[in-house]
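Biologist: Can you walk me through this model? I'd like to start with one residue and go on from there.

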Amino acid sequence: DAHLLLKEQGYNMRIQNLDHWFTSLYNYFKEKGFYCIITSRVVNLLTLGFTIFFSGFLLLYVNWNYLTTECAAAGSECDILRDATYASPLRHRSAFTNLVVVVYLILFSLYWTWSLVRLAIDLRPLLEMRAFCNHKLQLSDRDIQTITWPEVVARVVHLQATTRLCIVRDLNEHDIVARILRKENYLLGMLNRGVLGLQLDAVPGMKGHVWLTKCVEWNIDWAIFNGMFDDDFSIRGSFYDVAALRLRMRYLAVANLLMSPFLAIFMVMYFLLHNAEKFYHQPGSVGHRQWSTHAWWRLREFNELTHFAEHRLAAAHRPATRYVGQFPSPVVSMLAKFVSYIVGAFAAVAIACALLDDRLLHAEVMGRDLLWFTAIMGTVLAASRGMIGEENRVFEPNRVMAEVVGHTHYLPRHWRNLAHNQEVQAEFEKMFQFKAGLFLQEMLSIFTVPFILWYPMCASAPDIVQFVRQFTVHRQGVGHICSLSAFDFRRHGNSKYGAPVNARKTARSKQGKMEKSFLSFHAHYPTWEPDASGREMLSSLAGFRSSMHEAAAG
């Protein structure tokens, strides 16, 4: 069932890994076709190359001591490239500093080279995917930029009337998505059931904090899912060896410990180069929030492709911002108003001086010209005004929370009708954090990942293996998948959320995640035909909806 053979007028294509092929088709759709993918990859290579080159220049060649003292005093007479750079950069710093910077540059230069080689290798598969979309799915390069994913899947399903994709049976919409998200569904199930150990409770001040950042996510993928399936998409027998799983985690912990300084240097450099101009011209953006990586995985549903999840969370962003804004700190608002008034007064004087004679902007005050103070005051003024609570705000947190839940589909029992509660607010703000705070967490996670892998993740290895044993089902033509993503209501149903069967508590998903995922999946793929239990659930919900409408009308 892992082979595809297409023959049409000299157009031959043989695919031995349907998981990889369907994932490539989805990525081709998501990234808007061949030319957009190539352009994106080339731009990413140029961005990475510039970051490596420029960070190497800043770390090795710039004489920062001279630049901030003598060069600053000389003003316009100082030529930075001539006077504030080293001709022989390795002679002016300690051997340890030089070693760290040089190793950092070598490692990321090798990564850049690998990315370039990978682009060259991927060219042929991309051309083959383009030919498949053009000839088999009748989708031009322009069509792929506007068509929806369910339409693409519908064409693939209909294609099986003339072209065999799977030798066992025809694949439906659920089979295709289950292949694309095979690993992600297992991760969603583990997080929903609380299997993964991602807390460092022994560290003071970190009790209860869940460490799930991008760095942690990548390591989970390598430790658990890399090599989990064999060529027939069945779970390898060796995966159930707890000792081997722990050993992989400890190898990764050591590798992360060795790589952490170099990853941190790159992260800082990229963040500064990417955001410095934005923070300077839009200081208020420092206070912008976004969903954390932990929130992303907590709110994502089974069999939900990334662009659907991104759309839901993007739609929830505005009401989420309004909900957080329901709880301004009166003290912070009053202090921000005071700072805004003081800084605004000085800024008004600076503007008046510029109107009288723009040469006054170069007059010095305490060793700095007035133009420098004007720039600083503008930044402080914008930041302080962003901290002032909105006046005449109507306090209705439960209504705003309902808007958020309409998109996130996430409402724990202890949140219901308690959106005004401080505990609920605190939990929500952990999911919807300041961008600067998320960056700091990402930076810290680079150094905490080795300890997370060595201690709590190793301790949870038996639970991970047991989860895979308990929540795995084999589907003909698909292979092993997480049974929660299979919408198996007989094994995992929760009647409180509309399932036709009420399974034991230890087998159900928490907060009706499987039932919610089923309804969302059916809404996205209306042509998909669920099994008998799924149809029963849809029928009962339709009956409930019609009775509610009749009651409202009566």
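Biologist: Which helix is N219 in?

Modeller: N219 is in helix α10, residues 214–225. Helices here are DSSP runs of H or I with at least four residues, strands are runs of E with at least two, and both are numbered from the N terminus. Bear in mind that this is a predicted model, where local features need pLDDT of at least 70, side-chain atom pairs count only at pLDDT 80 or more, and totals for chains, interfaces and linings use all residues. Residues are numbered from 1 along each chain as its sequence is written, and side-chain values use heavy atoms, with hydrogens and water left out.

Biologist: Is N219 buried or exposed?

Modeller: N219 counts as buried because its relative accessibility is 7%. Buried means under 20% relative accessible area, exposed means over 50%, and partly exposed is in between (1.4 Å probe, protein chains only).

Biologist: And what does N219 touch?

Modeller: Leaving out residues up to four places away in sequence, N219 touches L252, N256, V449 and L453. A contact is heavy atoms within 4.5 Å.

Biologist: Switching to N494: where is that one?

Modeller: N494 sits in the loop between α20 (489–492) and α21 (513–524). N494 also counts as buried, because its relative accessibility is 7%.

Biologist: What lies 3.1 Å from a polar atom of the N494 side chain?

Modeller: That's the backbone nitrogen of K496. A polar contact is a pair of N or O atoms within 3.5 Å; within protein, one must be able to donate a hydrogen and the other to accept it, and residues adjacent in sequence count only if both atoms are side-chain atoms. Not counting residues up to four places away in sequence, N494 touches A499, V501, N502, R508 and E515.

Biologist: Let's do α17. Which of its residues are buried?

Modeller: α17 covers residues 422–431, and V424, Q425, F428 and M431 are buried there. They're on the same side of α17, because they cover an arc of only 120° around the axis. The arc is taken from the directions from the helix axis to the C-beta atoms.

Biologist: And on the other side of α17, which are exposed?

Modeller: Q422, E423 and K430.

Biologist: What covers the buried residues of α17?

Modeller: The cover includes β3 (289–291), α12 (293–299), α13 (306–324), α16 (397–408) and β6 (432–434).

Biologist: Which residue caps the N-terminal end of α17?

Modeller: N421, with a side-chain oxygen 2.7 Å from the backbone nitrogen of E423.

Biologist: New topic: at what angle do α7 and α8 pack?

Modeller: About 110°, with the axes of α7 and α8 (residues 173–180) 10 Å apart. So α7 is roughly perpendicular to α8. On the α7 side the contact uses W149, V153, V156 and V157, and on the α8 side E173, I176, V177 and I180. The axes are lines fitted to C-alpha atoms, for helices over the stretch in contact, and angles run from 0 to 180 degrees between N-to-C directions.

Biologist: How do the axes of α1 and α7 cross?

Modeller: At roughly 140°, with the axes of α1 (residues 18–30) and α7 (residues 149–159) coming within 11 Å. α1 and α7 are therefore oblique to each other. Angles under 35 degrees count as roughly parallel, over 145 as roughly antiparallel, 65 to 115 as roughly perpendicular and the rest as oblique. F22, L25, Y26 and F29 of α1 meet W149, V152 and V156 of α7.

Biologist: Last one: how many helices and strands does the chain have?

Modeller: 22 helices and eight strands. Of the 554 residues in the chain, 43% are buried.
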